[in-house]
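Take a look at the sequence and structure first, and then read on.

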Amino acid sequence: MARTAAPDHIDAYVGARIGLRRSALGLSQAALAQRIGVSFQQVQKYETGLNRISASRLHRVAVVLRSPVDAFFPPIDGHPSGEIDVLRTLSATVDGRTVANDFPRIADRAVRQAVARIVAALAPAS
């Protein structure tokens with residue numbers, strides 16, 4: 001039976017966070033897949049939220065990605081309503097993951113603000 005419903009928002013959030021962390025470490029989907037014992041297609045499905053990740057597999061992912069398990073989940077006290085969509089969109093492309101991974105490493109606050117203004121100026125009005 002084909003799945004017709006959209007992924008659960010928590011599954012999508014967890015998957016997006018896995019993808020961002022994987023990219024930040026410079027791992028390919030295939031490399032992560034090999035280390036956790038699944039196919040790279042399965043990692044793709046985890047990262048898009050199409051497939052749920054089991055607790056044991058999420059623990060293995062956390063170990064491989066050197067990250068606490070709770071780092072993959074939204075805060076319990078909630079999150080802005082569009083945050084999951086933003087994470088999903090940002091992590092959907094290599095360029096987006098690169099920006100997400102490298103932006104926090106810009107040490108100079110003024111430069112980060114300038115980059116943010118440039119991106120805002122280049123983006124079409126919503």
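This is a predicted model: local features need pLDDT of at least 70, side-chain atom pairs count only at pLDDT 80 or more; totals for chains, interfaces and linings use all residues.

Residues are numbered from 1 along each chain as its sequence is written, and side-chain values use heavy atoms, with hydrogens and water left out.

**Overall fold**
- The protein has seven helices and zero strands, where helices (H or I, at least four residues) and strands (E, at least two) are DSSP runs numbered from the N terminus.
- Of its 126 residues, 30% count as buried, meaning under 20% relative accessible area with a 1.4 Å probe, protein chains only.
- Looking at contacts (heavy atoms within 4.5 Å) between residues at least 6 apart in sequence, 62% join residues at least 24 apart.

**Helices α2 and α3**
- The axes of α2 (residues 29-36) and α3 (residues 40-48), which are lines fitted to C-alpha atoms over the stretch in contact, come within 8 Å and cross at roughly 105 degrees.
- The two helices are therefore roughly perpendicular to each other, a term for angles of 65 to 115 degrees, on a scale that runs from 0 to 180 degrees between N-to-C directions.
- On the α2 side the contact uses Q29, A30, L32, A33 and I36, and α3 brings F40, V43, Q44, Y46 and E47.

**Loop residue S67**
- S67 sits in the loop between α4 (55-64) and α5 (83-91).
- With a relative accessible area of 14%, S67 is buried.
- Leaving aside residues up to four places away in sequence, S67 touches R21, A62 and F72.
- I18 is 49 residues from S67 along the chain, and their C-alpha atoms are separated by 9.6 Å.

How values were computed
Buried means under 20% relative accessible area, exposed over 50%, partly exposed in between (1.4 Å probe, protein chains only). Angles under 35 degrees count as roughly parallel, over 145 as roughly antiparallel, 65 to 115 as roughly perpendicular and the rest as oblique.
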